[in-house]
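Here's a walk through one protein model, from the inside out. Have the sequence and the structure open as you read.

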Amino acid sequence: MGKPAPEPPEWLTHADHVVFDGVKKRFGEHEVLKGVDIRFKRHETAVIIGGSGAGKTTLLRILIGLEKPSSGHVWIDGRDIAPLGEVALNTVRKKFGMVFQYAALLDSLNVFDNIAFPLREHRKNLTAKQMQDKVLGMLATLGIEGKDRHMPSELSGGQRKRVGLARALMLEPEVLVYDEPTSGLDPHTSRMVDDLIEETRERFQVTSVVISHDMTSCFRIAHKAYLLIDGAVVASGTPRELAFGDNRLSADFIARSGIAADKIERLVE
Ligand SMILES: Nc1ncnc2c1ncn2[C@@H]1O[C@H](COP(=O)(O)OP(=O)(O)OP(=O)(O)O)[C@@H](O)[C@H]1O
Ligand SMILES: [Mg+2]
């Protein structure tokens, strides 16, 4: 018999989609996450910023159930996933869609087959026609119709992002997780990706979690931003609160990025 499932804390509400509750993670002697508390709100966009080695990717891997916390709880829809075994975790993982850095498309497959990939893995009962309708419908929704027979190498950076997003949306996730969605893109394409993240949140009613080094992007899309330094959340709030509030750590971090924070037009309020 396993241990009884932990009781959710009293402060947890329906709006708390995914909650990190005192999450610690150590690799050997190295404590990479030092007690992280974050409440990812349903249908909001949270952006996690922080320097290299701060623990962002580790946090993301725990979020999507690829890595287990050493201690603490991860409440998803009110249920702690930290103690779950592989079978139960696999069900939980289906709530998440991942948009990887540089889109991570399979170069030997065309756009259609890249997007159909999760359907072939997880929706084996779909007919060929149903699969085609889903894939081509998503291409149209994301504004890249007609590209289904192209190879990834024949696409622009922005188009590749859309294909990566289309693939992530195929299994209808509740939470979309983006790892560095604008890295390697020119400023114009980066702003288009911001728009895409916000449009996707609205259209598909997802919760978005974005890991980013792009402070302009953070200002445009984040309902809430979190600054992670050395495995701890040292500041949280709206981007404006982080930039112009009392917290020196976040004000300095944002000032050092060189953006004109007061001039950026936000896509969300
Ligand atoms: N599997 C692992 N085993 C040992 N140490 C690890 C492992 N994964 C991550 N670490 C360590 O944890 C720390 C945080 O790594 P992480 O990849 O989470 O940082 P990050 O914030 O994503 O950095 P970057 O912005 O450079 O991607 C690093 O010191 C890293 O060496
Ligand atoms: Mg990383």
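The largest nonpolar core holds 45 residues, and the members that touch the most others are Ile-49, Ile-115, Val-135, Leu-165 and Leu-176. Another core lies apart from it, with 29 residues, among them Ile-62, Leu-63, Ile-76 and Val-209. A nonpolar core here is a set of buried Ala, Val, Leu, Ile, Met, Phe, Trp, Tyr and Cys residues joined through side-chain atoms within 4.5 Å. Buried means under 20% relative accessible area, exposed means over 50%, and partly exposed is in between (1.4 Å probe, protein chains only).

A word on provenance: this is a predicted model, with local features needing pLDDT of at least 70 and side-chain atom pairs counting only at pLDDT 80 or more, while totals for chains, interfaces and linings use all residues. Residues are numbered from 1 along each chain as its sequence is written, chains are lettered from A and ligands numbered from 1 in the order in which they are written, and side-chain values use heavy atoms, with hydrogens and water left out.

Back to Leu-176. Setting aside its neighbours within four places in sequence, Leu-176 is in contact (heavy atoms within 4.5 Å) with Gly-97, Val-99, Leu-165, Ala-168, Leu-169, Thr-200, Val-206, Thr-207, Ser-208 and Val-209.

## The overall build

There are nine helices and ten strands; these are DSSP runs numbered from the N terminus, helices being H or I with at least four residues and strands being E with at least two. The C-alpha atoms fill a box of roughly 55 × 50 × 35 Å along the principal axes. How does the radius of gyration look for 269 residues? A compact globule of that length would come in near 18 Å, and the protein has 19 Å, which agrees. That radius is taken over C-alpha atoms, and the globule rule is 2.2 Å times the number of residues to the power 0.38.

Of the 269 residues, 49% count as buried. Among contacts between residues at least 6 apart in sequence, 67% join residues at least 24 apart. The accessible surface comes to about 13100 Å², and 52% of that belongs to carbon and sulfur atoms; areas come from the Shrake-Rupley method with a 1.4 Å probe, and for residues only the protein chains shown count as cover.

As for charge, the protein carries 36 positive and 37 negative side chains, and the centres of the two sets lie 3 Å apart. Lys and Arg count as positive and Asp and Glu as negative, with His and the chain ends not counted. Each charge is placed at NZ of Lys, CZ of Arg, CG of Asp or CD of Glu.

## Helix α1 and Ile-62

Helix α1 spans residues 56-63 and is mostly covered, with six of its eight residues buried. Those six are Lys-56, Thr-58, Leu-59, Leu-60, Ile-62 and Leu-63. Ile-62 sits at 0% relative accessibility, so it counts as buried. Beyond its neighbours within four places in sequence, Ile-62 is in contact with Phe-20, Val-23, Lys-25, Leu-33, Glu-67, Pro-69, Val-74 and Ile-81. Met-170 is 108 residues from Ile-62 in sequence and 22 Å from it in space, C-alpha to C-alpha. Just after α1, Gly-65 takes a positive phi of about 80°.

Most residues other than glycine have a negative phi.

Asp-16 belongs to strand β1 (residues 16-27) and counts as buried at 2% relative accessibility. Neighbours within four places in sequence aside, Asp-16 is in contact with Trp-11, Arg-39, Phe-40, Lys-41 and Arg-42.

Arg-167 lies in helix α5 (residues 157-169) and is buried, with a relative accessible area of 14%. Its C-alpha is separated by 22 Å from that of Glu-67, 100 residues away along the chain.

Thr-216, in helix α7 (residues 215-221), is buried too, at 19%. Leaving out neighbours within four places in sequence, Thr-216 is in contact with Arg-191, Ile-259 and Ile-264.
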